[in-house]
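Below is a walk through one structure, with attention to how its parts meet.

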Amino acid sequence: MTSINWLEETNKRKEELIATTQQFLQIKSVLDPESAREGSPFGEGIRQALDFALGVCEKAGMTTKDVRGYAGHAEFGQGEELIGILSHVDVVPEGDGWSTPPYAAEIVDGRLVARGAIDDKGPTMAAIFAAKIVMELGLPLSKRVRFIFGTDEESSWQCVNTYFETEEMPTMGFTPDADFPLIYAEKGLTDLSLRQTLASFQSLGIPAAENVEAKLVSLQAGLRMNMVPDKAVATLVPIGLNSEAIAQNYRQHLDATGLKGKAEVQDGLVVLHMEGVSVHGMDPSKGVNAGTELIHFLRTLSLDERGAVFVGLADRYLHKQHYGEAIGIAHNDEEMGALTVNTGVIEYDEKQDALFRLNIRYPHSVAFEKWSAVLAERFSEGAFTLEVAEHLTPHRVDPNHPLVTTLQRVYTEQTGEEAGIIAIGGATYGRSLDVGVAFGPLFPGRPDSAHQRDEYIFVDDLIKATAIYAQAIYELAK
Ligand SMILES: [Zn+2]
């Protein structure tokens, strides 16, 4: 049993694997609400792709189930315990600028090029063929193995949410929808708003400000909570200072700091623009937040009472506070890294709500209840209230769990490389499983072409991944 050459077994089936993967990729499985109906909630293309995957499994001798088109599964093996392999058949829209048609699935210079090649139809077919190898070799199994095919991973994950309402949760499993060697831990993700209404501000009873130089009329920065804003604009009414003086101060501030922006004077108002550097909110320290930089300048002016409270809080607690230091929620986890705070959206309107929208990612060793209470407390000073828009708890499988150690060993045996395990700040499909990790398909050092034009997987990597998955399935279910 130990002498199975998984790569050789894969190579025997190489032509069929490639041809089947190409057919699968030729189905345009993009979310299409127009053609959605009972049994195909995300449209015709996704329905076809789900049927295709289930068909290949059925032909291989697995038993299949369609869960109202939200997801489907295919199972083989026997036993009490269930090994899950979770992947998705939907793809993001193809976009423009491809050098070969996105659904032609042509092979160019050893690359299979198509939307979905690496995310996630290529690896889905690799895993199905891996299972076919285990089945065709007639290897005895003591557990059941189940493929679960999701259908809206790229949008709202209704697929897995609906599926697990009625279907069995695997004992353990993996998703071939991220990176090799293995992702075992994902930070908790929170999108939240801190909102101050005009009425709540007034309830603070703050006396009218004296010696006001300018009144803050509005401020806007950013569009998405999980991105660092690269543009911000604030409008001021000059009061104690004239508009030219404010504009001049701002230009001097830009010169002194090396920041980019401009000041305009129009109709008696001063409009200040700031440019930052947008990066993913996962690591805001790598970007320049145009919103908080602009606020940091506004802090030098004597503002009206509401403007001053807004700017004061933001400057103290959010400007360059990528880890929540000033708020008092900084927490560095040896394994999973630091809690991070991204101020993705800032809105202020003198006649309406003032708002900060934050994306906070945190390791498993600090409780959501704990840090969110501290944050709420800090901003209550300015009559802001905290509203949670979305919250995913941290996901982590013990590094000593047999799921992790088995997959590590398989990876090393198949590649000759050490299998370091990875903790990330993002989210993978693996978190849909109670005990789940992400395992491939992208090998270390390979550029990630997911969601890009000319998405591809190297044919050699598809083969190698299949061999890895075959041994993995066998080792987990034997
Ligand atoms: Zn994916």
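Which residue forms a salt bridge with R396? The partner is E335, and the closest N and O atoms of the pair are 2.9 Å apart. A salt bridge here is a side-chain nitrogen of Lys or Arg within 4 Å of a carboxyl oxygen of Asp or Glu. The model is predicted, so local features need pLDDT of at least 70 and side-chain atom pairs count only at pLDDT 80 or more, while totals for chains, interfaces and linings use all residues. Residues are numbered from 1 along each chain as its sequence is written, and side-chain values use heavy atoms, with hydrogens and water left out.

The chain is divided into domain 1 (6-186 + 395-477) and domain 2 (188-392), with bounds taken from an automatic or database domain assignment. Their centres, taken over C-alpha atoms, lie 41 Å apart.

Where the domains meet, 11 residues of domain 1 are in contact with 8 residues of domain 2; contact means heavy atoms within 4.5 Å. Together the two domains bury about 720 Å², 59% of it on carbon and sulfur atoms. Buried area is the accessible area (1.4 Å probe) that two parts lose on being put together, summed over both. Of the area that domain 1 buries against domain 2, R396, G425 and R431 supply 52%, more than any other three residues.

Across this interface the rule finds 1 salt bridge. On the side of domain 1 that touches domain 2, β9 (182-186) and β20 (395-396) each supply at least two residues. These strands are DSSP runs (E, at least two residues), numbered from the N terminus. The largest share, 3 residues, comes from β9.

Methods. Helix = DSSP H or I, 4+ residues; strand = E, 2+ residues; numbered from the N terminus.
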